[in-house]
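Here are my notes on the model you sent over. I have put them as numbered points so that you can follow along in your viewer.

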Amino acid sequence: MRFSRAFIPTMKESPADAEIPSHKLLVRAGFIRKKASGLYDILPLGVRVLLKIERIIREEMNRAGAQEVILPIMHPAELWVESGRWDVYGKEMIKFKDRHERDYALGPTAEEMITDLVRKEVKSYKDLPLNLYQIGRKFRDEIRPRFGLMRAREFIMKDAYSFHASDEDAEREYWNMYETYSRIFERMGLVFKAVEADTGEIGGKFSHEFMVIADTGEGKLVYCEKCGYAASTEKAEQRKPEIPENREEKFKEIEKVHTPGVKRIEEVSEFLGRDEFPPEKILKLLVYIVDGEPVAIAVRGDREVEETKLKQVFRRKEVRLATDEEIEKFTGQPKGFLSPIGLRIPVYADYSVIPMVNFVAGAGEEDYHIKNVNWGRDFKVKEFVDIAEVKGGDPCPKCGAPLTEKRGIEVGHIFKLGTKYSEAMNATFVDEDGKEKPMVMGCYGIGVTRVMAAAVEQNYDENGIIWPVEIAPFEVIVIPVNVKKEEIVETAERIYKELLIAGFDVIIDDRNARPGFKFKDADLIGIPYQIVVGKKAKEGIVEIKVRKSGERFEVPVEKVVNKVKELIEG
Ligand code: ATP
Ligand code: MG
């Protein structure tokens with residue numbers, strides 16, 4: 001490719017709506033352009049990266065035994081009605097009618113479409129297992145599209161679905177996909193972690209998210225360097241603390257204190273004296289509405305409730321904080337001074353409350369708190385549950401070593417679906433024993449366009465993107481510093497051709513522009529290796545610059561191809 005002919009519209013300034021580096025840089029370096037909220041044009045450089053990402057995915061999926069299909073993006077409503085999701089999927093699904101007034105959706109995911117295909121064709125256990133995947137557009141009318149490609153309304157996803165005659169076989173394939181995903185993201189040169197993830201209403205323990213580690217990630221994860229435990233904070237378990245020995249002997253007399261206008265945990269701690277009453281010694285009491293029923297949730301003052309875990313504990317769909325009116329109505333107490341003592345609704349306490357002794361809680365009346373409260377003596381805990389968010393430094397639930405906390409971008413998700421869709425949609429097969437059974441399913445997604453953004457989020461500096469060579473739009477750029485000097489142009493053209501013949505992805509910056517301008521663009525676009533052809537071309541010497549490390553080597557012209565090969569192969 002010749003830069004002078006290429007459609008690479010680079011920009012000096014970042015777009016005003018771009019909040020994170022990948023969004024800014026992908027626009028500035030000419031990979032993407034915004035069309036409307038959550039909708040992006042992908043320009044030639046962007047397509048080159050996506051094709052490389054897709055190629056790695058295809059190679060590894062095929063190697064793992066999966067087969068590629070292409071299903072329509074237009075999904076007939078009937079299939080979604082059959083699975084029960086037409087009404088539940090919600091506003092994220094873009095729905096429309098055709099000229100015959102039939103309902104359709106633009107596919108946000110394709111369990112229904114694939115199950116429909118497989119149920120029509122597969123009749124016997126002999127046709128199983130089957131793993132089918134596609135790479136294509138998905139549509140989700142996200143409530144807050146943001147961060148460029150990271151959370152878009154139209155994006156590219158690789159989605160795979162597997163069908164099995166037994167639970168064990170579905171589990172085997174789950175781990176096959178786990179390995180496959182690990183290889184895929186390794187080959188892309190990304191730093192990632194596979195973490196245990198929430199399984200939502202389907203339940204069970206088979207769900208992992210693949211998170212690219214990055215400070216700007218929307219997700220949080222914790223992992224243990226000692227035993228390898230790793231989980232999304234939506235799922236991460238707390239180690240259950242022991243009940244302190246002889247705790248009753250430590251109990252002190254209850255004491256009511258005047259705390260005018262002091263409501264929040266931090267304020268209470270300040271007011272009573274942080275040394276004696278840090279947030280760990282104060283009880284946080286919240287009222288939640290769980291499928292219409294009020295419950296009180298107690299956590300240690302320095303902890304947050306993780307609502308995904310709360311939903312999982314109650315195995316309920318709708319979990320939300322009560323409104324101020326609901327709190328008054330269900331407890332008869334003022335918000336901000338809620339007391340567990342004499343509370344009319346059941347109290348569920350987080351594990352973090354177990355070791356608490358002589359703590360502070362609201363008094364159930366305006367402007368008062370109580371000191372030396374103790375669970376068991378002063379109020380009844382209906383059940384101790386694991387609902388607080390795990391943080392870095394907490395003990396690993398498996399081995400007790402301190403956990404490390406990081407932020408991450410979810411680029412992939414694997415999930416054992418069981419028979420949810422096959423039962424709803426009657427996707428059955430006749431087993432070896434002659435009985436008709438629902439197929440056991442799994443699904444496995446990768447956000448292809450999100451991977452492109454995540455890769456940038458992990459690899460950039462003040463000058464621009466630094467692509468991992470495996471997914472770079474070009475591996476090498478040849479930069480003649482002056483296109484008016486014959487020996488420079490000749491040498492550059494010769495190197496360009498040799499690299500092309502040797503099979504490298506190479507672009508030559510043949511524009512008639514100042515060298516500084518060309519170097520800036522090369523850095524911004526993030527091409528891993530730059531070959532600078534300058535004055536020394538006369539002596540048959542050029543310079544190779546490594547984008548990532550900034551290292552520079554002087555190399556004789558005839559050794560350039562070998563040197564590039566050596567650098568890329570590491
Ligand atoms: P998230 O929690 O980020 O909304 P999700 O759980 O809805 O993701 P899945 O339904 O598992 O995502 O989709 C599979 C993959 O598709 C995700 O792992 C992610 O990489 C990608 N993805 C999901 N939503 C978007 C989006 N709006 N824009 C870009 N990629 C997306
Ligand atoms: Mg989502």
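Helices (H or I, at least four residues) and strands (E, at least two) are DSSP runs, numbered from the N terminus. This is a predicted model, in which local features need pLDDT of at least 70 and side-chain atom pairs count only at pLDDT 80 or more, while totals for chains, interfaces and linings use all residues. Residues are numbered from 1 along each chain as its sequence is written, chains are lettered from A and ligands numbered from 1 in the order in which they are written, and side-chain values use heavy atoms, with hydrogens and water left out.

1. Let me begin with the overall picture. The protein chain holds 15 helices and 31 strands, and its C-alpha trace spans about 95 × 70 × 50 Å along the principal axes. Of its 570 residues, 54% count as buried (buried means under 20% relative accessible area, exposed over 50%, partly exposed in between, with a 1.4 Å probe and protein chains only). Contact means heavy atoms within 4.5 Å; among contacts between residues at least 6 apart in sequence, 68% join residues at least 24 apart.

2. Eleven of its eleven residues are buried, so helix 12 is largely enclosed by the rest of the structure. The buried set includes Arg450, Glu457 and Gln458, along with Val448, Met452 and Val456.

3. Helix 1 is one of the partners of helix 12. The two pack at an angle of about 105°, with their axes 8 Å apart (axes are lines fitted to C-alpha atoms, for helices over the stretch in contact, and angles run from 0 to 180 degrees between N-to-C directions). Helix 1 and helix 12 are therefore roughly perpendicular to each other; angles under 35 degrees count as roughly parallel, over 145 as roughly antiparallel, 65 to 115 as roughly perpendicular and the rest as oblique. From helix 1, Pro21, Ser22, Leu25 and Leu26 meet Met452, Ala453, Val456 and Glu457 of helix 12. By class, that contact has six nonpolar residues, one polar and one charged (Ala, Val, Leu, Ile, Met, Phe, Trp, Tyr, Cys and Pro count as nonpolar, Asp, Glu, Lys and Arg as charged, and the others, Gly among them, as polar).

4. How does helix 2 sit against helix 12, and at what angle do they pack? The angle is about 110°, with the axes 10 Å apart, and helix 2 and helix 12 are therefore roughly perpendicular to each other. On the helix 2 side, Gly46, Val49, Leu50, Ile53, Glu54 and Ile57 meet Val448, Thr449, Val451 and Met452 of helix 12. Seven of the residues in this contact are nonpolar, two polar and one charged.

5. Helix 2 (residues 44-63) also packs on helix 6 (residues 167-187), at an angle of about 155° and with the axes 10 Å apart. That makes helix 2 roughly antiparallel to helix 6. Here Ile56, Ile57, Glu59, Glu60, Met61 and Arg63 of helix 2 meet Met177, Thr180, Tyr181, Arg183, Ile184 and Arg187 of helix 6. The contact of helix 2 with helix 6 has six nonpolar, one polar and five charged residues.

6. Please look at Asp116 in helix 5 (residues 111-121). Is this residue buried or exposed? Asp116 is buried, with a relative accessible area of 12%. Its side chain makes a polar contact of 2.9 Å with that of Lys120 (a polar contact is a pair of N or O atoms within 3.5 Å; within protein, one must be able to donate a hydrogen and the other to accept it, and residues adjacent in sequence count only if both atoms are side-chain atoms). Leaving aside neighbours within four places in sequence, Asp116 is in contact with Leu79 and Met425.

7. Some backbone details deserve a check. The peptide bond from Leu128 to Pro129 is cis, with omega near 0°, and Pro129 is in the loop between helix 5 and strand 7 (130-139). Asp367, in the loop between strand 18 (359-362) and strand 19 (368-373), has a positive phi of about 70° although it is not a glycine. At 23% relative accessibility, Asp367 counts as partly exposed.
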